[in-house]
Amino acid sequence: MGETLGTLGSAMAAFMFLWAMYQQYIPPDLRRHIEKYYQRLVKYFYPYNEITVNEYSRDRFTRNEVYTAIETYLSTNNAVQAKRLKADTAKNNQSLFLTIDDQQEVEDEFEGAKLWCASIISNPGTQTSHMYGYSNEKRHYRLTFHKKHRDLITKKYLHHVLNEGKAINSRTRQRMLYTNQEWMWSSVVFDHPATFQTLAMEAEKTREIKEDLISFSKAKEFYARIGKAWKRGYLLYGPPGTGKSTMIAAMANLLHYDVYDLELTAVRDNTELRRLLIQVPSKSIIVIEDIDCSLELTGQRKKKEKVKEPTEEEEKDPNKKQGKGEDAEQGKTSKVTLSGLLNFIDGLWSASNGERLVVFTTNYIEKLDPALIRRGRMDKRIELSYCSFESFKVLAWNYLLLEAHHLFDKIEILLGEIKVTPADVAEHLMPKTIESDSETSLKSLIQALEMAKKEAALKTKEEEDKEESKSAIEDE
């Protein structure tokens with residue numbers, strides 16, 4: 001045994017000596033030629049091919065979908081083979097998500113063909129001082145397989161892994177809520193509990209919206225056939241407190257999509273807007289809430305204001321004129337234009353990734369430019385109005401677990417006479433103390449509705465008195 005180890009050690013020492021001499025004394029050009037012919041020689045004796053899948057695309061902004069799919073696929077089917085694993089929490093923090101650790105290799109088999117997948121990392125432990133903390137570490141998967149299976153692996157296996165990985169990821173991953181910071185997105189876990197079953201909305205309207213969403217999510221081939229980008233626009237409008245934000249959460253939970261909450265006032269210009277857009281992947285909802293309050297995008301397209309002539313005081317003191325211009329420039333922090341936003345919705349850049357929803361919300365639909373909300377941009381308009389009796393019954397079940405009560409008849413009459421938002425109704429149904437019961441909550445709601453009815457009647461009377469006074473003055 002000792003002699004064998006000694007012989008092996010001597011052989012390795014000799015090899016290292018010869019390799020060092022080769023590196024030191026053979027010119028680089030000659031080494032390149034030697035390595036070139038060495039690779040050709042290896043091809044005759046080495047029967048395996050390799051495919052490398054990098055973690056990030058060339059621009060380093062977007063993660064490679066194939067890499068993510070392989071990572072997810074291996075975690076489900078092959079992770080148990082690895083000696084070292086990485087653990088993370090899966091959906092709703094209720095289970096562990098295991099992936100193979102760096103520098104580990106596992107074996108897979110597909111239709112009789114064996115292949116080996118290794119997780120490789122280069123430049124480990126290095127990191128830049130960039131403000132966003134980008135790492136110089138580069139990861140990739142290396143797939144190794146016999147060359148006789150080349151067509152099977154490239155034409156079938158990779159597509160199989162991609163489809164399986166996406167399906168597994170959709171079922172198990174945590175949904176995220178993103179917001180924009182300059183030209184990048186930051187995220188937190190999206191854990192909103194809203195569903196269409198808990199929305200205060202008429203049953204028929206709920207069914208219609210759900211069917212529309214599910215139909216869209218399954219319409220990839222249809223959109224390809226008609227030559228349109230696989231996206232759909234929704235405009236949610238109605239008074240404050242009618243559940244527009246809750247509707248978006250219910251849409252995300254129904255389709256298992258991530259939510260990208262775009263704050264337009266934080267976007268510097270149209271170029272930055274496009275940069276944000278191309279980072280949004282498939283299965284996402286892009287949201288612009290209260291778009292009537294975002295920049296100068298509301299109402300009809302305004303004509304450029306005429307430049308005011310400088311006053312006599314400004315002519316005498318140029319500093320005042322300069323200061324006035326600086327103030328106006330500082331007041332306008334974002335240069336996103338209506339044209340840029342329209343291209344964001346349905347221009348060429350909108351087709352960069354498929355299966356995305358674009359959702360606008362507004363309290364005042366009449367303030368929006370018609371070009372912004374025309375059909376083809378906002379494909380479906382959903383009005384979320386005041387609380388009806390059917391909506392109230394949904395809230396009564398959600399908050400009080402009541403399907404019927406002797407006070408429901410009185411509430412139905414009151415809701416037919418006055419306008420009140422679902423948020424106001426929900427506030428009165430919410431138990432205020434531990435001892436509160438359902439009847440106490442319903443009586444609180446009735447009292448509030450009766451008070452609102454009196455206030456509405458008083459306001460109407462005041463307006464009528466004003467009209468009568470105005471008519472009397474005109475007659476005189």
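Predicted model: local features only at pLDDT ≥ 70, side-chain atom pairs only at ≥ 80, totals over all residues.
Rings of Phe, Tyr and Trp (for Trp, the six-membered ring) form an aromatic pair if their centres lie within 6.5 Å; the pair is stacked if the planes are under 30 degrees apart, edge-to-face if over 60, and tilted otherwise. By this criterion the structure holds twelve aromatic pairs.

Residues are numbered from 1 along each chain as its sequence is written, and side-chain values use heavy atoms, with hydrogens and water left out.

**Aromatic residues**

Phe222 and Tyr223 also belong to a cluster, linked by ring pairs, that includes Phe216 and Trp230. Relative accessible area (1.4 Å probe, protein chains only) classes a residue as buried under 20%, exposed over 50% and partly exposed in between. Phe222, at 40%, is partly exposed, whereas Tyr223, at 9%, is buried.

Two rings carry a charge over the face, which requires NZ of Lys or CZ of Arg within 6 Å of the ring centre and within 35 degrees of the ring normal. Arg275 lies over Trp183, 4.3 Å from the ring centre. The charged end of Lys367 sits over Tyr364, 4.6 Å from the centre of that ring.

**Salt bridges**

Side chains of opposite charge can pair when their charged atoms come close. A salt bridge is counted where a side-chain nitrogen of Lys or Arg is within 4 Å of a carboxyl oxygen of Asp or Glu. The whole structure has 13 salt bridges, among them the following.

| Salt bridge | N to O distance |
|---|---|
| Glu107 and Lys114 | 3.8 Å |
| Lys156 and Glu111 | 3.1 Å |
| Lys453 and Glu417 | 2.7 Å |

Lys453 is partly exposed, at 37%, and Glu417 is likewise partly exposed, at 44%. Lys156 is partly exposed, at 40%, while Glu111, at 53%, is exposed.

**Cysteines**

A disulfide is a covalent bond between the sulfur atoms of two cysteines. With the cut-off of 2.5 Å between a pair of cysteine sulfur atoms, the structure holds zero disulfides. Cys293 is exposed, at 60% relative accessibility, whereas Cys387 is buried, with a relative accessible area of 4%.
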